[in-house]
Structure formats: C-alpha cells, structure tokens
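Below is a short briefing on one protein model. Look at the structure first, then go through the points by topic.

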4 protein chains.
Amino acid sequence: MRVTVWGENVHERRDDSVRAIYPDGMHTVIADGLRSLLDADVGTATLDQPEHGLPADILAATDVLTWWGHGAHDDVDDAVVDRVCAAVLGGMGLLVLHSGHYSKVFRRLMGTSCSLRWRNEGERELIWTVDPAHPIADGVPQPIVIEAHEMYGEHFDIPPPDELVFVSSFAGGEVFRGGCCFKRGLGRIFYFSPGDHEYPVYFHPDVRRVLANGVRWAMPRVRGEVPDSPMSERGWWE
Amino acid sequence: MRVTVWGENVHERRDDSVRAIYPDGMHTVIADGLRSLLDADVGTATLDQPEHGLPADILAATDVLTWWGHGAHDDVDDAVVDRVCAAVLGGMGLLVLHSGHYSKVFRRLMGTSCSLRWRNEGERELIWTVDPAHPIADGVPQPIVIEAHEMYGEHFDIPPPDELVFVSSFAGGEVFRGGCCFKRGLGRIFYFSPGDHEYPVYFHPDVRRVLANGVRWAMPRVRGEVPDSPMSERGWWE
Amino acid sequence: MRVTVWGENVHERRDDSVRAIYPDGMHTVIADGLRSLLDADVGTATLDQPEHGLPADILAATDVLTWWGHGAHDDVDDAVVDRVCAAVLGGMGLLVLHSGHYSKVFRRLMGTSCSLRWRNEGERELIWTVDPAHPIADGVPQPIVIEAHEMYGEHFDIPPPDELVFVSSFAGGEVFRGGCCFKRGLGRIFYFSPGDHEYPVYFHPDVRRVLANGVRWAMPRVRGEVPDSPMSERGWWE
Amino acid sequence: MRVTVWGENVHERRDDSVRAIYPDGMHTVIADGLRSLLDADVGTATLDQPEHGLPADILAATDVLTWWGHGAHDDVDDAVVDRVCAAVLGGMGLLVLHSGHYSKVFRRLMGTSCSLRWRNEGERELIWTVDPAHPIADGVPQPIVIEAHEMYGEHFDIPPPDELVFVSSFAGGEVFRGGCCFKRGLGRIFYFSPGDHEYPVYFHPDVRRVLANGVRWAMPRVRGEVPDSPMSERGWWE
C-alpha cells in the first residue's frame with residue numbers, strides 16, 4: 001500500500017496562524033496520521049516541487065493519492081492535472097480533502113462546478129454516518145464532533161454521489177454531504193470535507209480514522225490504461 | 001389527477017392537543033393543501049372506514065396515494081397492505097409522510113426496518129435542498145424553516161434512495177434524509193419527513209408546496225399488472 | 001469467513017436429468033467451488049432439514065449465506081424467512097442465485113415482484129462486465145461464456161441496483177441485469193443469475209470465480225441488531 | 001419548448017454513402033423527427049457556422065440541445081465547449097447521440113474517457129427497456145429493433161448512470177448501456193446510442209419517439225448561473 005499525500009503547502013508558510021498549527025505543513029500531519037493507522041508506505045508531495053512532486057513514476061507507484069489545496073488551485077500545472085486524472089481513471093485511488101473540492105483535479109473528474117456555501121466562524125461541526133456498514137465509516141462515533149470548523153453548506157454542486165457516507169450539520173444550521181464516494185473509470189474517489197487549515201482538524205483521531213478507512217477503500221482493484229479512443233474489435237469470439 | 005389522502009385519524013380524535021390543531025383530522029388539512037395547489041380530484045380515506053377506505057376500486061382510480069399513520073400501524077389490515085403495495089408496484093404513486101416511515105406499507109416496499117432516531121422537544125427543523133433542479137424542490141426556499149417539530153435523525157434504515165432531494169438539520173444538531181425518492185415496480189414513492197401530529201406542520205405553505213410537487217412527480221407514467229410469476233416466452237421475435 | 005450454502009435440493013432428488021449433473025445436490029457443488037477458491041469454513045443447509053438447516057445459531061455464525069431455490073419457494077417456512085431477512089439487515093451477506101430471484105427471502109428484501117422473462121432452450125449466454133473495477137468482477141474474462149443456459153430477460157422487476165456489475169445477452173437477443181448489488185440494512189446482497197439446475201453451470205470456473213468474489217464482497221463490515229421500533233433519544237451529546 | 005439540434009454535418013457532405021441517406025444532413029432529419037412529435041420550436045446548428053451556430057444568445061434561448069458528432073470532435077472550439085457545458089450546468093437539457101459519446105462536451109461533463117468497443121458490420125441491434133415506467137421509455141416496443149447498425153459494446157467508460165433506461169444487445173452478442181440519464185449541475189443529460197451515419201436510424205419511428213421523449217424529460221426545471229467560486233454567506237437566517 002503506497003500512499004502519496006499531496007499538499008499545497010502555501011498557507012503553512014505564509015500565514016502565521018496556520019504555521020502555528022502545522023509548522024511542518026498540513027501534508028506531514030496527514031501523512032503521520034495515515035502512517036499511524038495503516039501498514040503503508042506514505043510519501044508526500046507539494047506544489048513547489050518540480051512537477052508538483054507528482055512526476056509520472058511517482059503516480060505510477062502510488063495506490064492512493066490524497067489532495068489538499070486551497071489558495072493556489074490555479075497554480076497547479078495543467079499537465080499535472082492531466083496526469084493525475086488519467087491515473088485515477090486508470091485505477092489510482094483519490095481522496096479529495098476539504099477545499100480540494102475546488103481543485104482542478106476534482107472539478108475535472110466531476111464535470112460540475114463543485115461550488116458550495118461557506119462561512120468561517122469556527123462553528124461546531126457534527127459528522128453523521130448515514131451508511132453505517134460502509135467500510136469508510138468503520139469505527140467512527142455517531143456523530144464525529146469537531147468543536148470548531150469552517151462551515152461548508154448545501155447546495156454542493158457535485159454529481160449525485162455513487163455512495164453517500166457522511167452528512168454534516170453545523171451550529172448555524174446548515175447541512176453538507178461531506179463524505180461522498182464516486183467511481184470514475186477504474187478509480188475510486190472519496191471526498192471528505194474536513195479540514196480547514198485554520199483548525200487542527202487533521203490531528204483529530206476520528207478524522208484520521210476516516211482518512212485511513214478512505215485510503216483502504218480507495219485501493220485499486222485493477223490498474224489499466226485509459227484508452228485514447230474507442231477500441232475497434234472484430235468480435236469477442238475471435 | 002386523482003389523489004387519495006389516507007389518514008390514520010386516531011390522535012385527532014383521542015388527544016386534545018392534536019384535535020386542537022386538526023379538529024377535522026390531519027387528512028382534511030393535507031387534502032385542502034393539495035386542492036389549493038393542484039388541479040386535482042382529492043379524496044380522503046381513514047383507518048376506521050370499511051377496508052380503511054381503500055377498496056380495490058378506489059385504489060384503481062387513484063393516481064397518487066398519500067399515507068400518514070403513527071399510533072395504529074398494527075391495526076392496518078394485511079389485505080389492505082397487500083392491495084396498496086400491489087397498486088404501487090403497478091404504477092400508483094405514493095407519498096409516505098413523517099411517521100408513515102414505520103407503516104406496514106412503507107416497510108414492505110423498502111424491505112428494511114425503516115427505523116430512525118427521534119426526540120420530541122419542539123425543535124427548529126431546517127430542510128435543505130440538495131438537488132435544486134429536482135421537480136419536488138420547485139419553488140421552495142433554501143432552507144424551509146419549521147419553527148418547532150419533532151426531531152428525526154440518522155441513521156434512517158432505508159435502502160439508498162434513488163434520488164435524495166432534502167436533508168434536514170435540527171436545533172439539537174442531528175441530520176435526516178427527509179426527502180427521498182424511490183422507484184419500485186412501475187410506481188414512484190416519495191418519503192417526506194414532516195409533519196408530526198403535535199405541530200401544525202401541514203398548514204405550512206412550503207410543506208404544502210413540497211406535497212403538491214411530490215404528487216405531480218409521483219403521477220403514474222404507466223399502469224400495469226404485477227405478474228404473479230415469471231413470464232415464460234417463446235421469443236420476442238415471434 | 002464462514003459461509004452457509006443453502007440449497008432447495010428438490011430437483012436433484014426428483015428429476016433424473018438434474019441428478020445426473022448434481023448427484024449430491026447443487027449445494028455441494030456450490031460449496032466445493034467456494035472451498036476451492038476461499039479460505040473459508042463452508043457449510044450447507046437444505047430445505048428438508050429441521051428449520052431448513054437454518055436455526056438461529058447457524059445464522060448467527062454465518063458471515064455469508066448463498067440461496068438457491070426454484071420449485072419449492074412456497075415451502076420455505078415464513079419464520080425462517082423472517083430470520084434470514086433479519087440476519088441480512090443485521091449485516092450477514094447474502095448471495096441470491098438464479099431462480100432464487102423468486103424466493104420469499106429475495107422478494108421481501110427487494111419489496112418488488114422480482115418477476116422476469118424466461119425461455120429454457122439451452123441458449124448461449126454471454127456475461128459482460130460493465131463495472132470492471134468492481135471486486136466481484138476481479139479476474140473474470142470479458143465476456144464469461146456459458147455455452148447452454150436458460151434465458152432470463154428484461155424487464156427484471158427489481159429496485160434500481162445500487163451497483164450493476166454484469167449484464168448478460170442470450171443467443172435469442174435478450175439482455176438481463178444478471179449481476180446486481182444491493183445494500184439493505186447492514187447487509188450486502190448480490191444477485192447473480194447463473195445457473196439453472198438443468199445445466200452444469202456451477203462447475204464453470206468463471207462462475208465459481210464470481211461466486212467466490214461475491215462472498216468476499218458480501219462479508220459483513222459490522223453486525224448489529226435490527227431495531228424493533230424507532231429509537232428515542234435524549235440527545236447525542238448526553 | 002425550444003430545441004436546438006447540433007450536427008457536425010461533415011460525413012453528409014464528404015461521403016457519398018452518407019449523403020445518399022441524409023442529403024440535407026442528419027441534423028435536418030433529427031429536427032424533422034422532433035417537430036413531428038413535439039409542439040416545439042426546433043432549430044439547427046452545424047460545425048461550419050460561426051461559433052458552430054451556438055453563440056451565447058442561441059444557447060440562452062435553448063431549452064434542450066441535441067449533439068451528434070463523429071469525425072470532427074477535435075475541430076469543435078474549446079470556447080464553444082465551455083459555453084455549452086456551462087449552459088448544461090445552468091439547466092439546459094442535453095441529448096448526446098451515438099458517436100457524440102466521444103465529443104469534448106460529453107467527455108468534459110462526464111469526467112471519464114467515455115471509450116467503448118465498436119464493430120461496424122451492420123448488425124441487428126435490439127434495444128431493451130430496463131425501466132419501463134421511465135418517461136423516456138414511454139410508448140416504445142420491447143424491444144426496439146434496428147435491423148442493421150454499428151455495434152457499440154461494453155465496457156463503456158462512463159460514471160455509473162443516475163438512471164439506466166435502455167440496454168442494447170447486438171447480433172454478435174455484445175451488450176451496451178445505450179440509454180443513460182445523468183444529472184449535472186441544474187441540467188439533465190440523456191445519452192442515447194443510436195444512430196450511426198451509415199444507417200438510416202434517425203428515420204426509425206421508435207428512435208424518433210425516444211428522442212422526443214428524451215427532449216421532454218430533459219426540459220429545464222430551473223435555469224441558473226454556475227458560480228465561478230464558492231459562495232460565502234453570513235447565515236441563512238440573515
């Protein structure tokens with residue numbers, strides 16, 4: 001099990017408040033959480049690396065990629081986006097985290113705007129399991145409580161999820177489909193709405209549990225090539 | 001468009017608090033709401049009538065049936081349940097309201113326990129649209145606000161809905177998939193979680209709007225017989 | 001991994017043609033196939049045993065149950081049907097095979113008639129994978145070829161499957177959604193349309209592979225009780 | 001009801017065999033079919049027109065767009081693709097026809113490769129309804145028979161359809177999910193696999209019926225703007 005944790009790593013270096021929570025970057029904390037729960041080889045990659053740390057050989061060797069971005073979505077090179085999307089369609093698992101909903105990668109794989117409503121006032125978020133036998137919900141309390149977080153609210157402009165696992169409520173009253181599974185090509189995609197960079201959400205043990213469950217769920221069943229064009233054939237019997 | 005509103009009509013006669021809200025029964029208020037918004041022939045039927053007011057000819061003449069029950073689910077005759085379920089599978093639309101989640105009819109059509117969590121403390125409920133282009137959400141505000149209502153919360157033990165239209169939050173923090181569409185046989189089923197009999201929910205204009213939209217959506221596209229057994233055939237070409 | 005293979009075992013004792021293929025019953029051949037591919041404790045149960053071989057302790061100890069029946073659906077005791085359905089809703093996996101589509105168990109869990117079209121003329125069936133990354137399709141050829149089989153055709157009156165894995169075509173031109181996944185309660189259900197008792201389908205290596213994959217997929221993630229009634233609560237925070 | 005029929009109109013002018021069937025272009029035949037069955041204002045647009053006949057004002061005035069392309073997908077200007085996709089997400093209905101599966105528009109809205117298998121030998125295609133109460137299946141025979149057509153076969157690399165209406169079989173034995181519904185943003189998308197330009201499929205009365213049904217189904221329930229970015233809000237109560 002080889003996991004690559006991709007982090008934009010911009011706020012952590014630019015904003016004192018974020019650096020205070022994640023001095024070594026959010027990606028290192030996410031990676032540490034996965035290492036603590038999975039028997040996996042977990043690496044990291046960031047925006048400022050050549051090819052954003054995601055050259056072809058790294059993606060080919062990655063079973064599951066996690067993606068967190070926020071302020072620099074437009075700085076992600078289209079060639080890398082192409083490569084990541086092709087890898088997902090070819091079977092690589094993908095976890096899209098929080099503001100990654102607005103990444104080029106997620107929007108291209110969804111085909112929709114992926115817009116939502118938000119309000120950042122440090123509200124209590126409750127994450128309710130609506131599919132208790134789903135492997136991503138394994139071992140999490142009902143509900144997961146995040147004491148202070150940014151609100152993400154409906155309408156969330158995504159395709160109807162293939163599986164809906166979690167729905168959040170916020171102290172202000174909004175709801176959000178914050179745990180959604182999608183199949184695209186040979187790949188599995190899990191969107192999970194925690195956590196904003198201004199809150200220590202990726203230290204939260206239940207959030208870590210969900211991320212680890214998500215990685216296990218998104219593991220490739222098969223890897224393949226995405227065809228460049230429809231495939232002609234004479235007949236299956238020949 | 002012929003609609004039959006079925007009401008248990010037990011609490012309204014037994015409990016002063018309910019009778020104060022619905023002196024002529026909840027079914028009459030639901031029916032009035034539909035009449036005010038639809039060009040439809042709306043009748044009513046209740047538990048205490050012969051065959052619960054649902055003999056075969058009434059069902060055959062009904063396009064959409066609405067079902068509200070709470071305290072007397074077990075008193076509904078199994079022969080009537082058979083007949084209603086067969087009508088739905090044969091194309092009749094069905095709206096299941098609030099505590100109707102635990103009716104024999106709904107549980108049989110779903111195949112699951114349809115259990116849920118509840119707490120009756122008169123909390124504020126917010127009903128959020130998660131599918132804004134769905135015809136059942138046409139013209140409703142985001143969110144619908146019900147000032148005081150019983151809480152219904154997850155996990156709601158239903159099959160994954162074919163379409164999820166509304167998700168509620170409650171002042172206490174719970175969420176509920178309160179607006180769910182199902183296809184079963186030739187029929188369409190819409191479950192809508194308002195309203196408890198102790199609150200005047202069926203006078204609420206937005207709730208009325210949803211019910212009218214739901215009736216329109218559930219109108220039969222085709223009516224047919226439910227086969228008693230698999231159908232043998234020689235060949236489609238003969 | 002504990003699997004119980006349930007077989008009606010009527011045709012095998014009554015019909016010479018069936019006994020010639022399955023002298024020890026279809027259930028033993030299905031069980032042998034699973035044993036050859038899974039590291040599992042595989043037992044069998046049949047209609048003629050007390051409680052049809054499915055007393056409460058056997059079900060409680062079963063991770064996945066497979067169900068084949070055809071001519072004696074009505075002879076299955078309702079108390080056993082209740083028990084099996086409750087076990088599925090409580091998390092036990094269920095594989096429903098071929099004519100099991102018309103069993104009391106499957107029909108109750110689906111809520112629909114489960115009728116279909118059929119023609120038994122020993123036609124070639126091709127089973128096409130439409131979800132190649134699904135674990136149940138792991139390692140099967142595209143298509144699986146069954147040289148001679150009974151035709152099952154649309155319309156198959158089931159709820160829209162939560163996942164569609166296989167679609168069959170027949171020499172006569174019909175199609176059939178023959179590999180369908182459903183979530184019900186805490187349980188996973190896989191319907192797989194092979195094999196009729198008049199053909200040696202359960203010796204087919206690709207069919208065996210699908211059954212083994214299906215058992216792995218249907219393994220419980222969690223086991224629980226099905227509530228008898230909605231659960232009141234004071235509040236999740238208390 | 002305003003429909004715009006978009007046709008690539010390349011083969012009809014270049015290939016004698018195609019011109020013999022569709023001397024005035026496939027788009028005119030598709031449009032005639034819709035006019036004969038719908039009370040609609042049906043216009044056409046083609047690749048060789050300025051902005052491919054799809055300037056902003058035409059799209060804004062279009063309720064449902066149909067799209068047929070084959071040999072010139074790469075010649076469709078990206079700015080027009082952007083505009084069409086934005087219109088769909090904003091509520092415009094879209095029917096994607098046959099080889100339009102590989103258009104830029106469909107691939108972008110799906111997020112997958114949309115590849116498939118094909119063989120062009122003039123085989124008999126049977127189109128089976130698997131959702132008989134769906135409005136798009138209204139009034140069509142079981143099955144629709146197309147005497148000679150190109151084979152399209154699985155695996156078709158699309159997201160799991162939100163609704164599956166038709167499944168085709170071919171004389172060679174393949175199957176294809178040829179009638180699929182998708183919700184994207186506020187828009188409805190129907191993919192329908194007939195018809196190849198070398199066969200007179202768009203004169204077929206059952207195919208025409210499906211196209212007319214599809215247009216009715218895809219009519220906008222609501223039109224809106226696609227947000228350029230997530231929307232901040234103070235609170236729904238303010």
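Helices (H or I, at least four residues) and strands (E, at least two) are DSSP runs, numbered from the N terminus. Residues are numbered from 1 along each chain as its sequence is written, while chains are lettered from A and ligands numbered from 1 in the order in which they are written. This is a predicted model, in which local features need pLDDT of at least 70, side-chain atom pairs count only at pLDDT 80 or more, and totals for chains, interfaces and linings use all residues.

- Met1(C) lies in the segment before strand S1 (2–7) of chain C.
- A residue is buried if 20 or more other C-beta atoms lie within 10 Å of its own, exposed if 12 or fewer, and partly exposed in between, with C-beta atoms placed from the backbone.
- Met1(C) counts as partly exposed because it has 13 C-beta neighbours inside 10 Å.
- Two residues are in contact if their C-beta atoms, placed from the backbone, lie within 7 Å.
- Leaving out residues up to four places away in sequence, Met1(C) touches Leu38(C), Asp39(C), Ala40(C), Asp41(C), Asp63(C) and Met219(C).
- One of these, Asp39(C), is 38 residues from Met1(C) in sequence, and their C-alpha atoms are 7.3 Å apart in space.

**Two helices of chain D**

- The expected span of a helix is 1.5 Å times one less than its number of residues.
- Helix H3 (residues 26–37) of chain D has 12 residues and should span 16 Å at 1.5 Å a residue, which agrees with the 17 Å between its end C-alpha atoms.
- In H3(D), the buried residues are Met26(D), His27(D), Val29(D), Ile30(D), Ala31(D), Gly33(D) and Leu34(D).
- The cover over the buried residues of H3(D) includes strand S1 (2–7), helix H1 (11–14), strand S2 (41–46), S3 and helix H7 (205–218) of chain D.
- Helix H5 (residues 78–89) of chain D also has 12 residues, and from first C-alpha to last it reaches 16 Å, close to the 16 Å expected.
- Val80(D), Arg83(D), Val84(D), Cys85(D), Ala87(D), Val88(D) and Leu89(D) are buried in H5(D).
- These buried residues of H5(D) pack against helix H4 (56–60), strand S3 (64–68), strand S4 (93–97), helix H6 (104–110), strand S8 (175–184) and strand S9 (187–192) of chain D.

**A helix pair in chain C**

- Axes are lines fitted to C-alpha atoms, for helices over the stretch in contact, and angles run from 0 to 180 degrees between N-to-C directions.
- Helix H3 (residues 26–37) and helix H7 (residues 205–218) of chain C have axes that come within 9 Å and cross at roughly 70°.
- Angles under 35 degrees count as roughly parallel, over 145 as roughly antiparallel, 65 to 115 as roughly perpendicular and the rest as oblique.
- H3(C) and H7(C) are therefore roughly perpendicular to each other.
- Ile30(C), Gly33(C), Leu34(C) and Leu37(C) of H3(C) make the contact with Arg208(C), Arg209(C), Leu211(C), Ala212(C) and Val215(C) of H7(C).

**Strand pairing**

- Two strands pair if DSSP finds at least two bridges between them.
- Strand S3 (residues 64–68) of chain A pairs with strand S4 of chain A in the parallel sense over 5 bridges, and Val64(A) stands opposite Gly93(A).
- Strand S4 (residues 93–97) of chain A has 5 of its 5 residues buried.
- On one side of S4(A) these are Gly93(A), Leu95(A) and Leu97(A), and on the other Leu94(A) and Val96(A).
- In chain C, S5(C) runs antiparallel to strand S6 (residues 144–153), with 7 bridges, and Arg119(C) stands opposite Met151(C).
- S5(C) also runs antiparallel to strand S7 (residues 163–170) of chain C, with 5 bridges, and Trp128(C) has Val167(C) as its bridge partner.

**Between chains**

- Strand S10 (residues 231–232) of chain B and strand S5 (residues 117–129) of chain C run parallel and are joined by 2 bridges, with Met231(B) opposite Arg117(C).
- Strand S5 (residues 117–129) of chain A and S10(D) likewise run parallel with 2 bridges, and Trp118(A) has Ser232(D) as its bridge partner.
- The contact between chains D and A takes 33 residues from each of the two chains.
- Between chains C and D, 13 residues of chain C are in contact with 13 residues of chain D.
- S5(C) gives the largest share of the chain C side, 3 residues.
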